[in-house]
Amino acid sequence: MRVDILSKEYPPLVYGGAGVHVAELVRALRSRGDIDVRVRCFGGPRDEAGTTGYADLPQLTSDNAAIQTLGVDVTMAGDCVGTDLVHSHTWYANMGGHVASLLAGVPHVVSAHSLEPMRPWKAEQLAGGYAVSSWAERTAYEAAAAIIAVSAGMRADVLSSYPSVDPAAVHVVHNGIDSQLWQRDSSAAALEVVRRHGVDPDRPAVMFVGRITRQKGLPYLLRAAAQLPPEVQLVVVAGAPDTPEIYAEVETLIAELRNGRHGVVWISEMLPRAEVVALLSAATVFACPSVYEPLGIVNLEAMACELAVVATATGGIPEVVVDGETGWLVPIEQVADGSGIPVDPDRFVSDLATALTEALSDQARARAFGQAGRKRAAESFSWSSIGDQTMTVYQSALR
């Protein structure tokens, strides 16, 4: 059986959870030995066997980014002829999968990592391209043989956003974590990495890891941080801003924080995994203030490193973070327009600060939550199990 997996992100060009998911899923499927997995991804040639990278078409260089994306999709689709099934990830590759399905006469499986109707702020980034991306996603979802949602929350969002989709075709297969690659490291070498980044491992610290995008809610965390005890450090590993405007907002908020407190560390470059692990291992609590999060691999990464999590009770996060067991869930009432914006932003910021302060004030409890989180991540979110569940979806689509 041959399956062609289409994705914008694939190593070494990974900047978000969907890219991590695709890389780990491919590894899990290939390790089975009973499936020929071929990867087709954006970003030019790759050295990995069975993997083909596609550069943007030069004749579309001056076009809107969404049109450039469709150019790559069409190029990938032609190379899928001969496969038994295509599996696409995110709207960037959805149209490639849809066209390949029509061209080759094979089922198309879509993985729902996020949804365009739930991210209206993307119009800031794509302008008219947002209408194109929304069309591409809707077309692919409504024609797909099967849809894999990364959480029950995401499944509900799929059925709400696309009511013509058959509920029986939407399956829940969670994201996963490699608990061997992600585990606590408090070695001397790791502590040296922590200090090199300007973090004091002997002081309590709140850590954030994520892209600078509206859905990740970083500005809310930066406002909440102003209410934390003065000895607490804030470590923000955040880059790849969606727009200059949100980057400027984050930059201003961090500058304001630094004027009033010591120990605000902002790392804007993408770090190697070992350095992220070192920083997570030295922190007291992980913060995930997202206003839209289908699941949140970053929470699994933090939990695997034995770090308690304070996260928004939205999307798929409650399926990962167990309130009162592996962390704290912060309630949020959200505007019902798909944006995820809190109805009362000040209250959300205050509740976030309260939960973080509670975590920081009882470090023994936070450590216990971290240990419970490690156990949960390793036992409930293994990639081998996710590979098996994905194969079951493939088989159902082929029937």
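Begin with the whole chain of this predicted model, and colour the residues by accessibility: buried residues make up 58% of the 399 residues in the chain.

Viewed along the principal axes, the C-alpha atoms fill a box of roughly 60 × 45 × 40 Å. The radius of gyration is 21 Å, which agrees with the value near 21 Å that a compact globule of 399 residues would have.

If contacts are drawn between residues at least 6 apart in sequence, 68% of them join residues at least 24 apart.

The tour now turns to a single site. Select Arg184, Ser281, Ala282, Ala283 and Arg367: of the 20 residues that line the second largest pocket, these are the closest to its centre. The volume of this pocket is about 320 Å³.

Which elements give two or more residues to the lining of the second largest pocket? Select helix H7 (188–196), helix H10 (273–282) and helix H13 (363–380) to display them. Helix H13 deserves a separate colour, as H13 gives the most to this lining, with four residues.

Finally, colour the lining of the second largest pocket by residue class: 10 of its residues are nonpolar, five are polar and five are charged.

Terms used: Residues are numbered from 1 along each chain as its sequence is written. This is a predicted model: local features need pLDDT of at least 70, side-chain atom pairs count only at pLDDT 80 or more; totals for chains, interfaces and linings use all residues. Side-chain values use heavy atoms; hydrogens and water are left out. On a 1 Å grid over the protein atoms alone, a cavity is a set of points where a 1.4 Å probe fits but cannot get out, and a pocket is an open set with protein on both sides within 12 Å along at least five of seven lines; lining residues have an atom within 4 Å of a point. Grid points are joined across faces, edges and corners, and a volume is the space filled by probe spheres set on the points. Ala, Val, Leu, Ile, Met, Phe, Trp, Tyr, Cys and Pro count as nonpolar, Asp, Glu, Lys and Arg as charged, and the others, Gly among them, as polar. The radius of gyration is taken over C-alpha atoms; the globule rule is 2.2 Å times the number of residues to the power 0.38. Buried means under 20% relative accessible area, exposed over 50%, partly exposed in between (1.4 Å probe, protein chains only). Contact means heavy atoms within 4.5 Å.
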